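Here is a short briefing on a protein and its ligand. Look at the structure first, then work through the points below.

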Amino acid sequence: MPTLLVAILADQLLREHPALTYAAAQADHSDIHVVLIESQARLQLRPYQRHKLVLVLSALRHYAAALRAMGWQVSLRTADSWRAGLSDACAQINPDSIVTMAGAEYNARRAQERWATWFGRPVVVLPNRQFLAADVPAAPGAKRQTMEAFYRGMRTRYQLLLEPDGSPVGGSWNYDAENRKPLPKNTPIPPVYRYPSDAITQQVITEIAAYPDARGDATTFGLAVTHAQADDALERFIRERLPDFGRYEDAMAADEDVLFHSVLSPYLNLGLLDPLTCARAAEAAFRAGLAPLTAAEGFIRQIVGWREYMYRRYWELMPGLRGMNAWNATRPLPAWFWQGQSGMHCLDTVIARVWRTGYSHHIERLMILTNFCTLAGIDPVAVNEWFLAGYIDAYDWVMWPNVSGMGLNADGGLIATKPYISSGAYIKRMSNYCAGCRYDPAVRTGPDACPYTLLYWNFLLTHQPRLQANPRMGPAVLGLRHVDDDQRSAIQTQAVIWLERLSEGTEQ
Ligand SMILES: Cc1cc2nc3c(=O)[nH]c(=O)nc-3n(C[C@H](O)[C@H](O)[C@H](O)COP(=O)(O)OP(=O)(O)OC[C@H]3O[C@@H](n4cnc5c(N)ncnc54)[C@H](O)[C@@H]3O)c2cc1C
């Protein structure tokens, strides 16, 4: 019988890992060595939010314990790098071959291709089973599938919210138009549930608290770290939040971190939760009369639509996606993204939330953070770096298509069909941020002008011909008809000064 080394990456904590199933069919349990690595190089690659580090490390250690309890021989190793850790494991175990599952991230997969050379033995790389959509890039020159077409295909393939004849339940594939309500005052919101830390998590918190360059307070960690806890988080979401998820999906509130969102992305992205299980749970809640169709459809669209679409587009566009900069945005990220204050209530609240919790919901990521960065012409690489450091659910495969694609339109529209930009008016309509702000979202120029509003009109003026050519942006550009020459020049003059100060890091 051969000796096999099963190498499981830290974001592949699957209940039924294909590499284990494969190995069990080839060798006796006693000849299979499962290797998990805590790579110090990876953990300290950037100034990560400590909650993310605690989550990843604690989940990994719990996974190792769960595999041991199932009878696997597990070696959980701390190493300077993944390569060093696996090299030591090979020297010690001397396996006939290595079995692994393809990484979700580009760099991980490129490294796996080199393992055979690095470690001098055959490597079996199994297809990635964490996603429902294939990661095979479309043939060169193939017409790009829109997200909506992709999503309908996924609903059909996985028989989600369908009538027996294959048509969508309720007669429509998409209820997005009904899911854009601001939050009425005094809406009761379920409290965010926190999972108590056991001895493993406590130990990880102590270790991560000592990382010199990491950010945030590890001791306030309360995320799920096991499959059972992630299942519980899903159940609680379905019961407590899903019914209102759809209607308030785009709403923002200064004093609420989560509203009716699920906070399931950290678990999905680590393999603790399976996307189809989440989608089916939402459908079951709808069919049992516990959630409206608009909510269940909206949630399912996020999971089997957007999430899978982003993964697929990542693989179609890598590695070029990292270098795309369609708007030639070169301004450095303002220092106050890391520390300090911008003076804008919405931005300061969302940034503080990220360093406190590692989370903000989709519309805050899109319409507060990347909206600002697009309007201010911030370098996409710097924005990606910040998101990768700050968020508990950030991984290369999901960050680049969301930040560079959907958020900054740096891909020139290869992922989303229009730049997601707005003035302060949108923020005022969808949130209560503006009430606590020194700026006025309705004012374009002068000392009270909301920077979003100033920079939005400046962006339209600067890029008018290009925006006009986009059918989805045409109506926004038409608004310029009502801006006379004096106003145009005032907007552009003030924007130049504002942006210069931003680059210099001067107080606004
Ligand atoms: C600028 C920007 C950065 C983002 N960075 C990340 C990231 O680092 N990691 C990440 O998982 N998502 C990212 N997203 C997508 C989305 O914002 C998050 O998945 C979502 O906010 C996670 O919170 P939630 O679990 O409460 O989501 P919910 O609102 O409850 O949505 C349910 C699930 O749908 C999935 N989902 C929805 N939209 C997307 C999307 N566009 N891409 C991928 N999955 C999606 C997530 O798995 C999420 O858990 C980003 C979006 C933007 C605009």
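Four helices each supply at least two residues of the shell around the ligand: H9 (265–270), H11 (293–317), H13 (362–376) and H15 (396–407). Of these, H11 gives the largest share, six residues. Keep in mind that this is a predicted model.

**The shell around the ligand**

- In total, 27 residues surround the ligand.
- The closest are His 261, Ser 262, Val 263, Tyr 359 and His 362.
- Sorted by class, the shell has 15 nonpolar, nine polar and three charged residues.

- Start with Ser 262, one of the closest residues. An N or O atom in the Ser 262 side chain is 2.6 Å from an oxygen atom of the ligand.
- His 362 is also among the closest residues. Its side chain has an N or O atom 2.8 Å from an oxygen atom of the ligand.
- Asp 393 uses its backbone instead: a polar backbone atom there is 2.9 Å from a nitrogen atom of the ligand.
- How much of the ligand does the protein bury? Taken alone, the ligand exposes 810 Å², and the protein buries 99% of that.

- Which cavity does the ligand take up? The space taken by the ligand is the largest cavity.

- Some background comes first. Most peptide bonds are trans, and most residues other than glycine have a negative phi.
- The peptide bond from Met 318 to Pro 319 is cis, with omega near 0°.
- Where is Pro 319? Pro 319 lies in the loop between H11 and helix H12 (345–357). H11 is also the helix that gives six residues to the shell around the ligand.
- Leu 161 is not a glycine, yet its phi is positive, at about 50°.
- Leu 161 sits in the loop between helix H6 (147–157) and helix H7 (199–209).

Definitions and conventions. Residues numbered from 1 in each chain as written. Predicted model: local features only at pLDDT ≥ 70, side-chain atom pairs only at ≥ 80, totals over all residues. Heavy atoms only, no water. Near = heavy atom within 4 Å. Polar contact = N/O pair within 3.5 Å; in protein donor to acceptor, adjacent residues only side chain to side chain. Areas by Shrake-Rupley, 256 points an atom, 1.4 Å probe, with all protein chains shown as cover. 1 Å grid on protein atoms, 1.4 Å probe; cavity = no way out; pocket = protein on both sides within 12 Å on 5 of 7 lines; lining within 4 Å. Sits in = over half its atoms within 2 Å of the grid points. Nonpolar A, V, L, I, M, F, W, Y, C, P; charged D, E, K, R; others polar.
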